[in-house]
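Dear colleague,

I am passing on the structure below, together with some notes on its salt bridges and on one helix packing. Please read the notes with the coordinates open beside them.

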Amino acid sequence: MIVLLLWVGGFGALAFFAVKLVRRSERRLGTGPSDYYTTIAPRPDADGLISAYLAGVAGQLVLPAADVAEVRMELIDHLTDSISSLEAEGMDHETAVREALGRLGPAAELGRQLRAAHQSTRRLLAGAGGGVFSAAGGFVLGYVGGVGLAFVLLIIGALCFGLLTLVGIPTPNFNADQNATPNSLMEATTLLVAAFVATRYAVRTSAGLSRRAPRSVAGFWAAASALVFGWLAIFGSHGQQSWPGVIAFLFVPVVAVAAAFVRIERPMPHVGRWSLILAIGGVGVLGLSLVLLLGVTVSGGGSNNDSPSPLVTSGPPDYHFGIVAPPAPDAWDPQGSIFGGGMRSDASGGQLYSTVTDPQAAVPMSTALAYWHDLRFEAWHSLPDDPTQGFGLDTKYSSPFAVLPAEIHPTWLQAVFHFERMRDAGFYEVVLTGVGPDGKRYMLDECGGGSTSFNGSVWDWITAPQ
Amino acid sequence: MAGKIRAQLLKGTTTLLVLTVLRDGELYGYEIAQRIREKSGGAFIPSEGALYPALHALEADGALGASWRESDRGPRRRYYKITTSGVRMLEEHAQEWASFSLAMGQAVGSGER
């Protein structure tokens with residue numbers, strides 16, 4: 001509990017200070033690209049010389065709006081004092097203006113020197129450090145916001161599917177891969193939002209602190225974010241995967257680059273009164289949606305109970321093992337020693353399937369398998385163990401999706417399947433087959449089954465053998 | 001020719017002159033230029049074009065702080081104030097300048113003999 005509080009407090013503080021930092025940095029940035037290149041239209045009089053001079057200075061500045069405005073005001077102050085002083089010495093106005101401007105030197109040179117003075121190495125380092133800090137805080141904020149958005153999308157999706165089901169339109173069965181599709185899509189959505197906010201925070205903060213236009217630092221942050229968040233999306237994020245989720249993950253670096261450039265001159269939206277009202281409203285809508293969704297689910301379940309599926313029969317269920325191979329004749333297992341085996345997880349996380357000989361009779365495997373060769377474990381797609389959808393193997397498939405040769409041990413056979421690294425395992429059943437004396441393959445044993453979903457990174461998914 | 005020599009001698013000393021006049025209190029840009037001129041009895045006339053980049057660079061380095069406020073006689077002005085870091089920088093520059101001028105004095109003096 002204490003650890004949880006520390007985590008929440010730590011991330012909360014990081015996000016809080018990142019928001020403070022980006023707001024403080026943004027004060028110098030203005031609201032749009034026109035602010036970075038302030039131009040002043042020259043007027044055709046003596047003061048027009050001053051306007052033209054200031055325009056010449058500003059043309060070289062390329063600084064945030066606040067800096068440009070300050071430089072301009074300071075130079076106007078200086079010229080006002082200088083011209084007054086020269087006029088007091090007896091010069092006419094136009095000559096005084098020309099003399100005051102001459103003392104400041106060429107406008108372009110002054111602009112270049114001022115720009116160099118503002119964009120010091122110290123400020124560049126502050127911008128880089130501040131950018132990294134605010135990116136971390138922005139990532140936390142974006143992650144939290146992304147989770148919220150993912151849940152909203154989930155609710156909307158569930159409502160849509162619920163409505164489609166009510167009107168009789170078939171919808172995808174997400175149970176087949178243990179909800180890997182919605183789960184991976186939610187995770188990708190969260191990372192997409194987090195990468196977007198983090199990159200934008202980094203650009204805005206570093207631009208403000210280093211006194212540069214956001215677009216001039218956007219390239220650096222776009223590359224850095226694409227690398228960091230791209231790596232996180234493809235290699236660093238482990239969990240359930242599906243093709244829609246993987247495609248969404250692959251968009252993470254694209255979104256990071258877009259976040260650095262698209263409308264980057266606009267300030268970040270800040271949490272204000274309307275945001276709070278919208279958030280509270282959103283929670284209300286979410287709650288209502290959940291209530292509606294639960295209502296649909298409950299009423300749907302009731303109707304199913306009233307009309308049992310025709311697949312449910314009073315006799316023993318048909319597991320459709322006939323699609324694998326004919327059952328092994330008893331004649332070739334005279335002692336009945338090949339027993340049903342079992343399944344368990346092995347140390348590497350794989351599913352270990354085994355078949356044993358009769359422990360009472362203590363028949364060696366070599367004796368039990370006297371008639372058999374080319375023994376192998378076959379993994380077949382199966383139906384969910386659900387009365388409405390049937391039992392046993394899925395008859396849509398005519399071949400196993402994974403096959404391993406049986407390792408022969410003194411009193412057992414075994415094989416280890418890594419279904420968590422197979423893209424379309426879903427519901428499965430493992431059986432033992434072998435070639436009999438007649439040269440035909442027979443099914444010797446049913447070893448068990450279950451359901452699984454792919455678990456790994458996007459890279460694991462893409463490079464998976466199946 | 002004398003003015004050119006003066007300008008070259010002044011090159012690089014703007015920072016020292018600015019920090020020196022600001023040690024006595026807050027001033028705005030034009031006042032700084034005037035104060036340098038006054039304190040040197042008119043001997044040093046800082047280039048106004050070099051003054052503002054120097055002020056802004058010193059501010060960026062943390063040697064000066066700047067704030068906008070109403071002046072005693074007129075519009076809002078940007079006042080500069082020396083910071084603790086600026087005082088340290090002034091001491092270092094003053095020491096360097098003292099060593100330099102001593103060495104120059106000795107070199108020029110020995111040349112005359």
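In this predicted model, A:Arg98 forms a salt bridge with A:Glu94, and the closest N and O atoms of the two are 3.0 Å apart. Both residues belong to helix α4 (residues 93-104) of chain A, where they are four residues apart, about one turn of the helix.

The side chains of A:Arg421 and A:Asp460 meet in a salt bridge, with an N to O distance of 3.7 Å. This pair links distant parts of the chain, 39 residues apart: A:Arg421 is in the loop between β7 (412-417) and β8 (427-435) of chain A, while A:Asp460 is in helix α13 (residues 458-462) of chain A. A:Arg421 has a relative accessible area of 33% and is therefore partly exposed.

In chain B, a salt bridge joins the side chains of B:Glu59 and B:Arg78 at 3.2 Å, N to O. Here too the pair links distant parts of the chain, since B:Glu59 lies in helix α4 (residues 48-60) of chain B and B:Arg78 in strand β3 (residues 76-82) of chain B, 19 residues apart. Both B:Glu59 and B:Arg78 are buried, and salt bridges that share partners join these two residues and A:Glu70 into one network.

How are helices α2 and α3 of chain B oriented to each other? Helix α2 (residues 14-22) of chain B and helix α3 (residues 29-39) of chain B pack at an angle of about 95°, with their axes 10 Å apart. Angles of 65 to 115 degrees count as roughly perpendicular, and α2(B) and α3(B) are therefore roughly perpendicular to each other. On the α2(B) side the contact is made by B:Leu17, B:Val18, B:Val21 and B:Leu22, and on the α3(B) side by B:Ile32, B:Arg35, B:Ile36 and B:Lys39. Sorted by class, the contact of α2(B) with α3(B) has six nonpolar residues, two charged residues and no polar ones.

With kind regards

Technical notes: Residues numbered from 1 in each chain as written. Chains lettered and ligands numbered in written order. Predicted model: local features only at pLDDT ≥ 70, side-chain atom pairs only at ≥ 80, totals over all residues. Heavy atoms only, no water. Axes fitted to C-alpha atoms, helices over the stretch in contact; angles between N-to-C directions. Helix = DSSP H or I, 4+ residues; strand = E, 2+ residues; numbered from the N terminus. Parallel < 35°, antiparallel > 145°, perpendicular 65-115°, else oblique. Contact = heavy atoms within 4.5 Å. Nonpolar A, V, L, I, M, F, W, Y, C, P; charged D, E, K, R; others polar. Salt bridge = Lys/Arg side-chain N within 4 Å of Asp/Glu carboxyl O. Buried < 20%, exposed > 50% of the residue type's maximum accessible area, 1.4 Å probe, protein only.
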